Amino acid sequence: MIVARFRVQCRPERTEEMAAAIAAVEAPSRALPGVVHFDVARSLTDPDTFVVIEVFEDRQALNRQNAQREVAQVLSLIEAGALTGDYEWTVWETSAAQ
């Protein structure tokens, strides 16, 4: 199993644009083979911050998800300066799910 955490803090004027882009990733990601969970949260204390938690059966499933055009759109917004700083991307490999 692969567990990934993606966190972004947006510039307030770009938050809704990023929210729409992240929301567009949800359904196609959940439909991919090997995607166990794909959950998006918006911070209760900072509405400009989003956290995405993803669980995959294997590295190939993670690669399929990251290859989607919807993911490219999120990355395009990041490259265009939509964030207040760097994004966080952490990936863990686990031996078993409990």
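Which elements are included in what covers the buried residues of H3? Point 4 returns to this after the overall layout.

1. Overall layout. The model is predicted. The protein holds 3 helices and 4 strands, and from the N terminus on its elements run β-α-β-β-α-α-β. Its radius of gyration is 13 Å, close to the 13 Å that the globule rule gives for 98 residues, so the protein is as compact as a globular protein of that length. The C-alpha trace spans about 40 × 25 × 20 Å along its principal axes. Of the 98 residues, 36% are buried. Taking contacts between residues at least 6 apart in sequence, 74% join residues that are at least 24 apart.

2. Hairpin. Strand E2 (residues 35–42) and strand E3 (residues 49–56) run antiparallel and are joined by 7 bridges. The two strands form a hairpin, with 6 residues between them. One of the pairings can be named: Phe38 has Glu54 in E3 as its bridge partner.

3. Helix H2. At the start of this helix, a side-chain oxygen of Asp58 comes to within 3.3 Å of the backbone nitrogen of Gln60. Ala61, Leu62 and Gln65 are buried in H2. Seen down the helix axis, the buried residues of H2 fall within an arc of 100°, so they line one face. An α-helix has 3.6 residues a turn, so residues three or four places apart point the same way. The cover over the buried residues of H2 includes E1, H1, E2, E3, H3 and strand E4 (88–93).

4. Helix H3. Glu70, Val71, Val74, Leu77 and Ile78 are the buried residues here. Around the axis they cover an arc of only 115°, which puts them on the same side of H3. As to the opening question, what covers these residues includes E1, H1 and H2. The face turned away from the buried side carries Arg69 and Glu79, which are exposed. Just after H3, Gly81 has a positive phi of about 90°.

5. Gln68. This residue sits in the loop between helix H2 (59–66) and helix H3 (69–79). Is Gln68 buried or exposed? Its relative accessibility is 10%, and because the cut-off for buried is under 20%, Gln68 counts as buried. A polar atom of its side chain lies 3.1 Å from the backbone oxygen of Gln65, and Gln65 is itself one of the buried residues in H2. Leaving aside neighbours within four places in sequence, Gln68 is in contact with Pro28, Ser29 and Leu32.

6. Arg14. This residue lies in the loop between strand E1 (2–9) and helix H1 (15–31). With a relative accessible area of 19%, Arg14 is buried; the cut-off is under 20%. The Arg14 side chain makes a polar contact of 2.7 Å with the side chain of Glu17. Which residues does Arg14 contact, leaving aside its neighbours within four places in sequence? They are Leu77, Ala80, Gly81 and Ala82. Leu77 is also among the buried residues of H3, and Gly81 is the residue with positive phi just after that helix. The C-alpha atoms of Arg14 and Met1 are separated by 33 Å, with the two residues 13 apart along the chain.

Methods: Residues are numbered from 1 along each chain as its sequence is written. This is a predicted model: local features need pLDDT of at least 70, side-chain atom pairs count only at pLDDT 80 or more; totals for chains, interfaces and linings use all residues. Side-chain values use heavy atoms; hydrogens and water are left out. Buried means under 20% relative accessible area, exposed over 50%, partly exposed in between (1.4 Å probe, protein chains only). A polar contact is a pair of N or O atoms within 3.5 Å; within protein, one must be able to donate a hydrogen and the other to accept it, and residues adjacent in sequence count only if both atoms are side-chain atoms. Contact means heavy atoms within 4.5 Å. Two strands pair if DSSP finds at least two bridges between them. The radius of gyration is taken over C-alpha atoms; the globule rule is 2.2 Å times the number of residues to the power 0.38. The arc is that of the directions from the helix axis to the C-beta atoms.
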